[in-house]
Amino acid sequence: MTTTASTTPAPAGTARDLGLAHYAARGVLEHVLARHGATFPQQIALRAAVTSDAPQTPDDLLARVQESLKADPAGIRAAFDELRAKRLLVADGVHLRPTDAGRELLAAVAAETAPISARIWGGIPNEDLAAAGRVLALVTERANAELAALTA
């Protein structure tokens with residue numbers, strides 16, 4: 001008797017599936033960050049400062065981080081304060097800028113998470129990644145619009 005592979009289509013992804021994937025990946029990152037004495041909001045804030053094309057005022061940086069985290073401004077400002085206390089972010093006149101230690105922290109976390117990310121993402125066909133990217137971009141766009149309507 002010959003058996004064949006199932007032709008049953010994979011179930012459609014749901015909002016719950018998306019959330020579970022997000023929290024699983026975030027859990028991995030938070031575990032690595034904890035070994036370096038950093039939190040997820042701190043990492044997002046520091047990355048925003050490092051990747052900025054121009055020096056950022058605290059308000060500019062707050063807007064960039066809030067765009068990513070959708071978090072309360074007070075919590076983001078607390079992350080800035082924590083980063084300054086750790087000397088990973090410093091005031092430079094009216095701007096906040098990352099220090100060499102802040103850049104080194106991000107580099108160390110990236111180096112530590114790279115092989116983990118390769119194991120997580122490895123072997124997923126490019127066409128599946130492209131489809132997922134399109135879907136995630138659309139979900140992000142729609143969720144941002146809904147959030148804007150809720151907070152208007």
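Leaving aside neighbours within four places in sequence, which residues is Ala-79 in contact with? The model looked at here is predicted, so local features need pLDDT of at least 70 and side-chain atom pairs count only at pLDDT 80 or more, while totals for chains, interfaces and linings use all residues. Residues are numbered from 1 along each chain as its sequence is written, and side-chain values use heavy atoms, with hydrogens and water left out.

Ala-79 is in contact with Pro-41 and Gln-42, once neighbours within four places are set aside; contact here means heavy atoms within 4.5 Å. Ala-79 sits in helix H4. Helices (H or I, at least four residues) and strands (E, at least two) are DSSP runs, numbered from the N terminus. With 3% relative accessibility, Ala-79 counts as buried. The cut-offs are under 20% relative accessible area for buried, over 50% for exposed, and partly exposed in between, using a 1.4 Å probe and protein chains only. His-22 is 57 residues from Ala-79 in sequence, and their C-alpha atoms are 21 Å apart.

Phe-80 is also placed in helix H4, and at 2% relative accessibility Phe-80 counts as buried. Not counting residues up to four places away in sequence, Phe-80 touches Ala-45, Pro-58, Leu-61, Leu-62, Val-65, Leu-89 and Leu-96. Between Phe-80 and Gln-42 there are 7.1 Å, C-alpha to C-alpha, for a separation of 38 residues in sequence.

Turning to helix packing, H3 and H4 have axes that come within 10 Å and cross at roughly 115 degrees. Axes are lines fitted to C-alpha atoms, for helices over the stretch in contact, and angles run from 0 to 180 degrees between N-to-C directions. The H3 and H4 crossing is right-handed. A crossing gets that label if the near helix is turned clockwise from the far one by less than a right angle, and is left-handed if anticlockwise. On the H3 side, Pro-58, Asp-59, Leu-61, Leu-62, Val-65 and Gln-66 meet Pro-73, Ile-76, Arg-77 and Phe-80 of H4. That contact splits into seven nonpolar residues, one polar and two charged. Ala, Val, Leu, Ile, Met, Phe, Trp, Tyr, Cys and Pro count as nonpolar, Asp, Glu, Lys and Arg as charged, and the others, Gly among them, as polar.

Helix H2 (residues 40-51) and helix H5 (residues 100-121) also have axes that come within 10 Å, crossing at roughly 115 degrees. H2 passes H5 in a left-handed crossing. Gln-43, Leu-46, Arg-47 and Val-50 of H2 make the contact with Gly-102, Arg-103, Leu-105 and Leu-106 of H5. By type, the residues of this contact are four nonpolar, two polar and two charged.

As for the strands, E1 (residues 89-92) and E2 (residues 95-98) run antiparallel and are joined by four bridges; strands pair if DSSP finds at least two bridges between them. Leu-89 stands opposite Pro-98 in E2. E1 and E2 form a hairpin with two residues between them, and Gly-93 in the turn has a positive phi of about 65 degrees.

Most residues other than glycine have a negative phi. Lys-70 is in the loop between helix H3 (58-69) and helix H4 (73-85), and is partly exposed at a relative accessible area of 39%. Arg-87 likewise has a positive phi, near 60 degrees. Arg-87 lies in the loop between H4 and E1 and counts as exposed at 61% relative accessibility.
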